[in-house]
Amino acid sequence: MSEIFSHVKQTYQGPDYDVIVVGAGHAGCEAALAAARMGNQTLLLTINLEMVAFMPCNPSVGGPAKGIVVREVDALGGEMGRNIDKTYIQMRMLNTGKGPAVRALRAQADKHAYHRAMKETIENQPNLTLRQGIVDSLITEDGVCKGVVTNTGAKYNAKTVVLCTGTSARGRIIIGELQYSSGPNNTQPALELSKNLEDLGFKLKRFKTGTPPRVDGNTIDFSQTTEQPGDKEVNHFSYETPDSQYLELKNQLSCWLTYTNEKTHAIIRENLDRAPMFNGTVEGIGPRYCPSIEDKIVRFADKDHHQVFLEPEGRETQEYYVNGMSTSMPEEVQQNMIHSVAGMQNAELMRPGYAIEYDVVDPYQLKPTFETKVVKNLYTAGQTNGTSGYEEAAGQGMYAGINAALRAQGKDPLILKRNEAYIGVMVDDLVTKGTNEPYRLLTSRAEYRLLLRHDNADMRLTEKGYELGLISEERYQAFLAKKAAVEGEIERLNKIRIKPNDEVNQFIQEHGDKPLQDGVLASVFLRRPYVTYNILKRFIPEPAKPLGRRVIEQVEIRTKYAGYIKKAEENVEKLKKMEAKKIPENIDYDAIDGLATEAHQKLKQIQPHSIAQASRISGVNPSDIAILSVYIQQGRIAKTK
Amino acid sequence: MALTTTEFDTIAAISTPPGEGGIAIVRVSGEDAMKVITAIYRGKDLNKVASHTINYGHIVDPANHNETVDEVMVSVMRAPNTYTKEDVIEINCHGGIVATNRILQIVLSNGARMANPGEFTERAFLNGRIDLSQSEAVMDLIEAKTDQSMKAALNQLDGNLSHLIRNLRQAILDVLANVEVNIDYPEYDDAETITTKLLLDKAKEVRASVEQLLKTAKQGKVLRDGLATAIVGRPNVGKSSILNHLLHEDKAIVTNVPGTTRDVLEEYVNVSGVPLKLIDTAGIRKTDDQVEKIGVERSRKSINSADLVLLVLNSSEPLTAEDRELLALTKDTKRIVILNKTDLPMAIELSEVKQLVGDENIISTSAMKADGLSALEQRIAKLFFEEGIENSQSNVMVTNARHISLLNQALSALDDVINGIDSGMPVDLVQIDMTRCWELLGEITGDSYNDELLDQLFSQFCLGK
């Protein structure tokens, strides 16, 4: 399949652009929109126009860490938040019983509506051209990228190029014994570009990911499953979406929970010799956090059931995504597996699950701007960089797109740090550690996650988005007003004293606390676990202007958790000191003996900028850092090539 | 990468304690170690012998017509399987400070330089041979004052402390991984939901262990630095005889503290394995032959800086005002009251003394007849090993100041966890302090924590939809 019978004989010169983005998945869309909105003539090329912002895997956006990235993209002026707010079919806040740092918004998407809405936005964006085409090679001169050449012979020149190739680069789909060359969802793969990248000196890796089967909802007996409805409480991803647009619960669609059982597991075990994951067919490395069902059965043999979520793929389709049963088993085995699960005994398989292998650029070959070290003015983002997930892709696309745009305009790059955004955590992880498996963001990857909350993404990044020209003046003014209201109210609560009167003390005693003897500051009172801002309001004068839901949220979190926030900020200060210890660019690691072999290799490969970055490289131990610091301090570093 | 360090020159030092025992070792380490030894050794061709062999021969002095200096055994250990990961030569010679020093001088004039204190260990660390905690243990070993101290240091060198700390960290890591799973996979139903109650239990458990370790720190510090001990008493009660007994020649290690006058000599004695650092022995000695002029003022000074006070009373005389003052001054210090001169008829108010200090802390001695002195030694050892500080379960003692400081910080992080839970903070916030505790403990062993948590997460739980 996807065999090329003949190549074009002649190329032709297309128009010149400032920025070209290759691939219109979740990374490519953000990259292209950002570049165009920053005033660059931008070309967005995609293999198939039907695949713009397509969701080839789960029909949902957000979740722990990921949901925060969506808010960060939104605060920088990106599209994912707005687009999902237009097209969701269910909205749920996860981790509501936990602290503010880890609450996570997740939406089920109408995947077709999501694609259409994003395509429409792109089509109507000034400075942006959307065109179908497969990029076969890059135009480079002396290690500088100058444009691209497509399979139809078009040559486009550009100041910068962003590659967001997803799983299309030499994609290979595997279903049981069947293997064929393909991009996601049976689209045409990009067969030529990888070779061109290798010729340019890039080191490529082979990763694998997979998707579960889809079944016909008309044939599911939902009564045997547990309903998982959305939330009544209003929430959106974008800071721009008004509360009034929230879908009433009755207009949201539910997901449904069921379980695999011993019968399912037996079917899988009996057919393991036909499982590409285990019989050597799949060579690429798959993600640990998103394992196939056969992988789960083998690795966790003692578990007698696994959760399966049935998720609707949209309003205008009966296709259901069988979340939890990602598989590349032969089709008839998949059918048997499905039929063994409660509620799906008679379910019709509409599409089989499959594994897909694809090429990635090992991300240690990138600078912290996502420009490649190998070819100047070339940027990569999304699955190309070894990540997985729509949100991770969007965050990177935004970041690479902004930096490609800034370079095209001759401006300084945007660097997001670990303490500023999950995007910064992800960028630093990728360029510092590389990755041995498809990378997914987790809240545990962020050491300052209390500072990187989903509720304060606007506080962290709107200013930057505005400076880049990605945030409208109107939105910026609204942001400034919100910020002032939050700070004003926090200051006010630090001045109001609550006197120990009967009303207050009765309330306190109802919660099993000792009554007040002396007056207490309103801010201190708010820190009690059973006090919310709305309760506090009963005991203090009204603020000059009524406060909105999101202002109250900020005031509450920043007051209640002030102690922990301060601790996190102190840690950031420590980090900054370590970041200030720079490693000279001309350092010769071969001249430093005593480094462990692995540390020596990694340092040489990654070339960290600071002691802080070096200390984050896996395989570089504190003793290696000690040795490195000693050498730098002693000036032994002077011995360079 | 080269296995030996070309940056480093060749160093040498006497690696056995000065003045002791029948054999002394001169150690040479570095690229030129073989060159140095072949220039000054007569015997087999050491360039041809196998690594890690010991060879009989003689050391000669090339500068003095190859005069034979000593009969020796020479260990040849080639890089990289040596302590420093460099070529190492050890010359075993016939003890005696003069002969040993002469050999060292010859080594130094044939291409090696004098090693700085701890430099062998520093190289072992820099060359990646040992971890941070181990290298610190070696430094303590070098400084160790008695066999007990040596044992504490050796225990740590074996990695006993590291082992213990790693177990603690693993226990914390298990909980943390579980907390993370709860956060990152809120719908995953197979991981136990870590409630603040569970976290509180774990925090308390770890806290108890850290506290236990810190208790040993006190003991460990004494083993390393010596137990500061003052011998006080009014004139002519027999302080100097007690001192002289404790300073029995073969036990005494006398150190001249640099930069101070001879008056503040610190004398170390080994009392049943407890190193005592005797305070102001010069003061006691100086006045020995004359009418003693040590006033209470001088005693007060000694008492203030002492961990243990040996208060000497004359049992053949009633208590004087000065005795009573000294008893009052030592009220809050760990003390042993020595009723000396039991060879004479008893006149002291025994019941009064007993009431003040308790039965078990009174030792009757006759320094003249060397009576009761071993009881004193036993009492000191018992005070220290049994009553002073309990031994920890694994006999690990924390002796290093950096470790103690980190353990204290870990303890306060755990207190923050407990306080946070008390004030109703959610798990994922309290977890910040738990993580901090884990990092602090990791700093003791110098362990990397990169990605450990994630590996734990994915090995323990079947994650992902």
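1. Helix 3 (residues 80-87) and helix 4 (residues 111-123) of chain A pack with their axes 9 Å apart, at an angle of about 130 degrees. The model is a predicted one. Angles over 145 degrees count as roughly antiparallel, and the two helices are therefore oblique to each other. Helix 3 of chain A passes helix 4 of chain A in a right-handed crossing.

2. The contact between these two helices can be listed by residue. From helix 3 of chain A come Met80(A), Asn83(A), Ile84(A), Lys86(A) and Thr87(A), which meet Ala113(A), Tyr114(A), Ala117(A), Met118(A) and Thr121(A) of helix 4 of chain A. By class, the residues of this contact divide into 6 nonpolar, 3 polar and 1 charged.

3. An open sheet of 3 strands in chain A has the order 4-6-5, with antiparallel pairing. Strand 4 (60-62) and strand 5 (88-94) of chain A each have a single partner strand and stand at the edges, so one side of each lacks a neighbour in the sheet. On average, and with direction ignored, neighbouring strands of this sheet are turned by 20 degrees against each other.

4. Within that sheet, strand 5 of chain A is joined by 6 bridges to strand 6 (residues 104-109) of chain A, and the two run antiparallel. Opposite Met93(A) stands Leu105(A), in strand 6 of chain A.

5. A further helix pair in chain A consists of helix 6 (residues 262-270) and helix 8 (residues 331-339), whose axes come within 8 Å and cross at roughly 165 degrees. That angle makes helix 6 of chain A roughly antiparallel to helix 8 of chain A. The crossing, in which helix 6 of chain A passes helix 8 of chain A, is right-handed. Thr264(A), Ile267(A) and Ile268(A) of helix 6 of chain A make the contact with Val333(A), Asn336(A) and Met337(A) of helix 8 of chain A. This contact has 4 nonpolar and 2 polar residues, with no charged residues.

6. Helix 12 (residues 473-493) and helix 16 (residues 549-560) of chain A cross at roughly 45 degrees, and their axes come within 9 Å. Helix 12 and helix 16 of chain A are therefore oblique to each other, and their crossing is right-handed. Helix 12 of chain A contributes Lys482(A), Ala485(A), Val486(A), Glu487(A), Glu489(A), Ile490(A) and Leu493(A) to the contact, while Arg550(A), Val551(A), Gln554(A), Val555(A), Arg558(A) and Thr559(A) come from helix 16 of chain A. The residues of this contact divide into 6 nonpolar, 2 polar and 5 charged.

7. In another open sheet of chain A, 4 strands follow the order 12-11-20-13, and the pairing is antiparallel. The edges are taken by strand 12 (178-181) and strand 13 (204-211) of chain A; each has a single partner strand, so one side of each is left without a neighbour in the sheet. Here, neighbouring strands are turned by 20 degrees against each other on average, direction ignored. Strand 11 (residues 172-175) of chain A pairs with strand 12 of chain A over 4 bridges in the antiparallel sense. Gln179(A), in strand 12 of chain A, is the bridge partner of Ile174(A).

8. As to the chain as a whole, chain A has 20 helices and 23 strands. The C-alpha atoms of chain A fill a box of roughly 85 × 70 × 55 Å along the principal axes. For 641 residues, a compact globule would have a radius of gyration near 26 Å, and the 26 Å of chain A agrees with this.

Key. Residues are numbered from 1 along each chain as its sequence is written. Chains are lettered from A and ligands numbered from 1 in the order in which they are written. This is a predicted model: local features need pLDDT of at least 70, side-chain atom pairs count only at pLDDT 80 or more; totals for chains, interfaces and linings use all residues. Side-chain values use heavy atoms; hydrogens and water are left out. Two strands pair if DSSP finds at least two bridges between them. Axes are lines fitted to C-alpha atoms, for helices over the stretch in contact, and angles run from 0 to 180 degrees between N-to-C directions. Angles under 35 degrees count as roughly parallel, over 145 as roughly antiparallel, 65 to 115 as roughly perpendicular and the rest as oblique. A crossing is left-handed if the near helix is turned anticlockwise from the far one by less than a right angle, and right-handed if clockwise. Contact means heavy atoms within 4.5 Å. Ala, Val, Leu, Ile, Met, Phe, Trp, Tyr, Cys and Pro count as nonpolar, Asp, Glu, Lys and Arg as charged, and the others, Gly among them, as polar. The radius of gyration is taken over C-alpha atoms; the globule rule is 2.2 Å times the number of residues to the power 0.38.
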